[in-house]
Amino acid sequence: MDLTGTLTRADLAEALHHEVGLSRADSAKLVEQVLTHMCEALANGENVKISGFGSFILRDKGERVGRNPKTGVEVPIAPRRVLTFRASQMMRDRIVAAG
């Protein structure tokens, strides 16, 4: 993992290289394939569930009225689809234990 505390694609590929023994090129390709598959599923309206990790869930939000905090003027917010992540209980337990 890099020094900023953010796990990157390169970090995942490097972990595959060290732990599984794939070449660096094959590791990077595998990470890209998994992420591409997840993105395509979400773009097609499917939720993505990874057991022991969590779920990426699509939600449709209806139109609503918002308010500009600076001016106080009410403005309509268009309906949209949003992506949420819900960590599995196993993941939440691990985060608390690492705490």
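So, the radius of gyration: this chain comes out at 19 Å, while a compact globule of 99 residues would have one near 13 Å. Do keep in mind that this is a predicted model. Along the principal axes, the C-alpha atoms fill a box of roughly 60 × 35 × 25 Å. Buried residues make up 17% of the 99. As for contacts with a separation of 6 or more, 28% of them come from residues 24 or more positions apart.

What is the chain built from? Three helices and five strands, and reading along the sequence you get α-α-β-β-β-β-β-α.

The chain exposes about 7900 Å², with carbon and sulfur atoms supplying 58% of that. There are 14 positive and 12 negative side chains, and the centres of those two sets sit 9 Å apart.

Let's move on to the aromatic rings. There are two aromatic pairs. One is Phe 53 with Phe 85, a tilted pair at 5.5 Å centre to centre and 55° between the planes. Phe 53 sits in the loop between strand E1 (48-50) and strand E2 (54-61), and Phe 85 in strand E5 (residues 80-87), so this pair ties together parts 32 residues apart in sequence.

Next come Phe 56 and Phe 85, also tilted, with ring centres 4.9 Å apart and planes at 50°. Here strand E2 supplies Phe 56 and strand E5 supplies Phe 85, 29 residues apart.

Phe 53 is partly exposed at 35%, and Phe 85 is partly exposed at 40%. Together, ring pairs link Phe 53, Phe 56 and Phe 85 into a cluster.

Note on methods: Residues are numbered from 1 along each chain as its sequence is written. This is a predicted model: local features need pLDDT of at least 70, side-chain atom pairs count only at pLDDT 80 or more; totals for chains, interfaces and linings use all residues. Side-chain values use heavy atoms; hydrogens and water are left out. Helices (H or I, at least four residues) and strands (E, at least two) are DSSP runs, numbered from the N terminus. The radius of gyration is taken over C-alpha atoms; the globule rule is 2.2 Å times the number of residues to the power 0.38. Buried means under 20% relative accessible area, exposed over 50%, partly exposed in between (1.4 Å probe, protein chains only). Contact means heavy atoms within 4.5 Å. Accessible areas come from the Shrake-Rupley method with a 1.4 Å probe; for residues, only the protein chains shown count as cover. Lys and Arg count as positive and Asp and Glu as negative; His and the chain ends are not counted. The place of a charge is taken as NZ of Lys, CZ of Arg, CG of Asp or CD of Glu. Rings of Phe, Tyr and Trp (its six-membered ring) pair if their centres lie within 6.5 Å; planes under 30 degrees apart count as stacked, over 60 as edge-to-face and the rest as tilted.
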